Amino acid sequence: MNDCPFCTIVRGEDPVVREVARNSSVVVFFPTEPAVLGHSMVIPHRHVERFSDLTAEEVSQVMLAAQAVAQSIREAYQPDGINIIQSNGEAASQSVPHVHVHILPRWENDVVGEIWPPKSNYPEQEKDRELAKLRASTSLPNTNMSSEDRRQHLSFAQDVITRMAQSSSNAKSWILPVVTAAYGYAFTKESVAVAFLGIIATLVFGLLDFSYLKNERRYRNLYDRIAAGDPTIPPFSLSVQSNKDPLDRRSTEAWSVLKAWTIWPFYGVLLLTGLASAALAICPTF
């Protein structure tokens, strides 16, 4: 982010930027090489690469700012038309990996020219196939959920949170008698094999518990978003898939769960005990 030129603008550290306006959420400025005079850009303060990763509040602030700039352009330049363009990815001509929206005043026969191909010739069967594919994966945000529906949605999320917490508790209650028996036998009988069975059981239950705790945290986050009325969550959806999250965010989430006292200290002590029992079994006089 320190190398992002748009973040530099947000921080107010670009000495040559032609800044139009800013507020607590967005900055509006002229690009270095405008397509036409009056070409403006809106960027959010937070460094986000993809439009789909913006929060609902950020989407609202960015698009409201784009609408305000479009109105200003209409009043200041009296153009024949206006383009509002948002591109994602190099294939879509995004050159800076920080979400931005272009607002361009347009005139007949200006230097920008046509931005759409004059004609396409896709078979009707292909269009129908793509329509079915997109319909199956598209759910528009709900903006009219009643208070009762929201309470029911919160109840569904809370039920999952409770199940995850109970499963985590069960994992700990199941592993303790297993490792107690395994390590106790390994200590008294100097059995390396049994000690390693206890270590393997600890690792398996630790991974299960890690998964339960990670999902519990995700559903708690979903619960908070539902309670806050996040319009991007479909009605009664319990999806917490993070495949669209940046890799660093998922890594941070996993590390945060691993550091929790219910994971690392608990299973760490069991692993150290297992390693000690294995070491004593290998070298009984140590």
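**Close-up views of a predicted model**

**View 1. Phenylalanine 205 and its contacts.** Setting aside neighbours within four places in sequence, phenylalanine 205 is in contact with Ala171, Trp174, Ile175 and Tyr267. Contact here means heavy atoms within 4.5 Å. This is a predicted model: local features need pLDDT of at least 70, side-chain atom pairs count only at pLDDT 80 or more, and totals for chains, interfaces and linings use all residues. Residues are numbered from 1 along each chain as its sequence is written, and side-chain values use heavy atoms, with hydrogens and water left out.

**View 2. The largest nonpolar core.** This core has 14 residues. Ile175, Val179, Tyr183, Phe205, Ile263, Tyr267 and Leu270 touch the most other members. Two or more residues each come from helix H4 (147-189), helix H5 (192-227) and helix H7 (264-282). H5 gives the largest share, 6 residues. A nonpolar core is a set of buried Ala, Val, Leu, Ile, Met, Phe, Trp, Tyr and Cys residues joined through side-chain atoms within 4.5 Å. Buried means under 20% relative accessible area, exposed over 50%, and partly exposed in between (1.4 Å probe, protein chains only).

**View 3. A second, separate core.** It holds 11 residues, including Val26, Val62, Val101 and Ile103.

**View 4. Strand E5, residues 101-106.** 6 of the 6 residues of E5 are buried, so the strand is largely enclosed by the rest of the structure. Val101, Ile103 and Pro105 point one way. His102, Leu104 and Arg106 point the other way. In a regular strand the side chains alternate between the two faces of the sheet.

**View 5. The strand partners of E5.** Strand E3 (residues 40-44) runs antiparallel to E5, joined by 3 bridges. Serine 40 stands opposite isoleucine 103. Strand E4 (residues 81-86) is also antiparallel to E5, with 6 bridges. Here isoleucine 82 has proline 105 as its bridge partner. Two strands pair if DSSP finds at least two bridges between them.

**View 6. The whole protein, for orientation.** The protein has 7 helices and 5 strands. Helices (H or I, at least four residues) and strands (E, at least two) are DSSP runs, numbered from the N terminus. Along the sequence the pattern is α-β-β-β-α-β-β-α-α-α-α-α. Of the 286 residues, 33% are buried. Among contacts between residues at least 6 apart in sequence, 63% join residues at least 24 apart.
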